[in-house]
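Please look through the following report with the sequence and the structure side by side. It moves from a sheet to a helix, then to rings and loops.

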Amino acid sequence: RLHLVTWNVGTASPPPDVTSLLELNSLSPATDMYVIGLQEVNSRITNFLSDLAFDDPWSIFFMTVLSPLGYIKLSSVRMQGLLLLIFVKHIHLPFIRDVHTHYMRTGLYGYWGNKGGVTIRMSLYGHTVCFMNCHLPAHMENTEQRLDDFEKILEMQFEGENIPSTLDHDVLFWFGDLNFRIADYGIHFVRESINNKRYSLLWEKDQLNMAKKSEAFLQEFIEGPLQFKPTYKFDLYSDVYDTSEKKRKPAWTDRILWRVKNLCQNASKEGKFSEEEQTISVTLNNYISHMSYGISDHKPVTGTFGLELKPLVSDPLVTLNPEGEWSAERDVLISYSAVPELPSSAWDWIGLFKVSFRHVNDYVTYAWVEDDEISSNKDSKQVYMSAAEIPDTGGEFLLCYYSNNLQSIVGVSQPFQIRPSRTLTEKDPTQEESSRMQKSDNQESHNEA
């Protein structure tokens, strides 16, 4: 279950609450993956430079919301105002591999990143999936420029061996502020049609719908029905269309489309697949806008999808477990076993994480799999972790094996409890502070490595 968000946030700060945007109160099964594409994130030079060194406010905001619910930030990519974030449930981490990011500037003839595309691709249970967040040129008359820019973005190549081109992925999701407008009709006709919910009158003059009929490279992209009001342009903090002097004509600028590779070629005359052919399918469950959010002149749009996969990868590369009962008062052991095809490295490590960890570098402590190994046989290996690095307060934790060659977590343990130190309340405060600083120094040295 995939929940995809596109939102032009107009340089605003995050809103107080995104419960409805992320469908956190939904009675449906829990979402497995959140894909969040934002446009016009505050990109003044000072903000942008500080955000390169640290997570930007929007990333921190979504991590704060989603990490207590068992999601970690799998990957992110930013190009000035364009930001793409992917969050995933812990259980899927060992089956997501070959994660790569890319971006392409198209603003100012490719020299400026206020327009363009940011992309994250991955192997998901052995299937190649690509997510592309775009911000295309504005204004009614720039349809051809939008199409030209999107064609250029589709041609971007990921760095690395054996990574398919964008259109060669099994599934490609394309979304963002695509800026296509409603042609021909005047503003009064458009607004009257919206007031009467006669959206179908406007669909045939939507520039993207028209382009899909004439442009070959768009014809395999699928979109759900536009059964919601055009999402641009609104007065701030209202559901009233633009009352400024410009009085922009409403438009469905914010869109979510997808493409399943070779869907057209593989479909039979009845439009169905044989079971042997169909190893991955995409079902759109919900395609809506969220009118209650008013921080920008765009309303966010979400698409909720079912991805049905025939797993080509069903076993994790690494299985790992804590040995015995863990407490903060003694050294502990981790046992793990790896499949022969794991491309192991001296830089692989096993991290101890709180269950609500935010991203791969949010570990409490870690052990190098080679330097800290204490025993090995053909079935499993054991790695040592010092009691000095175990949190005195205890709690619920996970172990994750990070592969340096694959740049991803390839094994996750079941959650387990660490007993708190019995002497925690008796500790001298200066000793406790010294211990905390030592652990902080250990983490800094790992980050540098």
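Which residue in β12 does Val282 stand opposite? The residue opposite Val282 is Leu307 in β12. The model is a predicted one, in which local features need pLDDT of at least 70 and side-chain atom pairs count only at pLDDT 80 or more, while totals for chains, interfaces and linings use all residues. Residues are numbered from 1 along each chain as its sequence is written, and side-chain values use heavy atoms, with hydrogens and water left out.

Helices and strands are named here as DSSP runs numbered from the N terminus, a helix being H or I with at least four residues and a strand being E with at least two. Six strands form an open sheet with mixed pairing, in the order β3-β4-β2-β1-β12-β11, where two strands are said to pair if DSSP finds at least two bridges between them. At the edges stand β3 (71–79) and β11 (280–289), and each has a single partner strand, so one side of each is left without a neighbour in the sheet. From one strand to the next, the twist averages 15°. Strand β11 runs antiparallel to β12 (residues 301–309), and nine bridges join the two. In general, strands of a sheet pair through backbone hydrogen bonds, either parallel or antiparallel.

Helix α2 (residues 57–66) lies across β1 (2–8), β2 (33–39), β3 and β4 (82–89), and runs at about 15° to β4. Angles such as this one run from 0 to 180 degrees between N-to-C directions, with axes that are lines fitted to C-alpha atoms, for helices over the stretch in contact.

Helix α4 (residues 187–195) has Val190, Ser193 and Ile194 as its buried residues, where buried means under 20% relative accessible area, exposed means over 50%, and partly exposed lies in between (1.4 Å probe, protein chains only). Seen down the axis of α4, these buried residues fall within an arc of 100°, so they line one face of the helix; the arc is that of the directions from the helix axis to the C-beta atoms. An α-helix has 3.6 residues a turn, so residues three or four places apart point the same way.

What covers the buried residues of α4 includes α5 (200–203), with contact meaning heavy atoms within 4.5 Å. On the other side of α4, His188 and Asn195 are exposed. Just after α4, Lys197 takes a positive phi of about 55°.

## Aromatic rings

Rings of Phe, Tyr and Trp (for Trp, its six-membered ring) pair if their centres lie within 6.5 Å, and planes under 30 degrees apart count as stacked, over 60 as edge-to-face and the rest as tilted. The count by this rule comes to 29 aromatic pairs. Phe150 belongs to helix α3 (residues 143–154) and Trp174 to strand β8 (residues 171–177), so the pair ties together parts that are 24 residues apart in sequence. Phe150 counts as buried at 1% relative accessibility, and Trp174 likewise counts as buried at 1%.

A tilted pair is formed by Tyr185 and Phe189, with 4.5 Å centre to centre and 45° between the planes; Phe189 is partly exposed, at a relative accessible area of 37%. One aromatic cluster consists of Trp347, Trp349, Phe353, Phe357, Tyr363, Tyr366, Trp368 and Tyr402.

## The loop between β9 and β10

Phe234 lies in the loop between β9 and β10 and is buried, with a relative accessible area of 2%. Not counting residues up to four places away in sequence, Phe234 touches Asp239, Val240, Tyr241, Asp242, Met291, Asp297 and Lys299. Lys299 lies over the face of Phe234, at 5.0 Å from the ring centre, by a rule that asks for NZ of Lys or CZ of Arg within 6 Å of the ring centre and within 35 degrees of the ring normal. The C-alpha atoms of Phe234 and Ser296 are separated by 7.8 Å, although these residues are 62 residues apart along the chain.

Lys233 also has its place in the loop between β9 (222–223) and β10 (254–260), and a cis peptide bond with omega of about 5° joins Tyr232 and Lys233. Tyr237, in the loop between β9 and β10, has a phi near 55°, a positive value in a residue other than glycine, and is exposed, with a relative accessible area of 63%.
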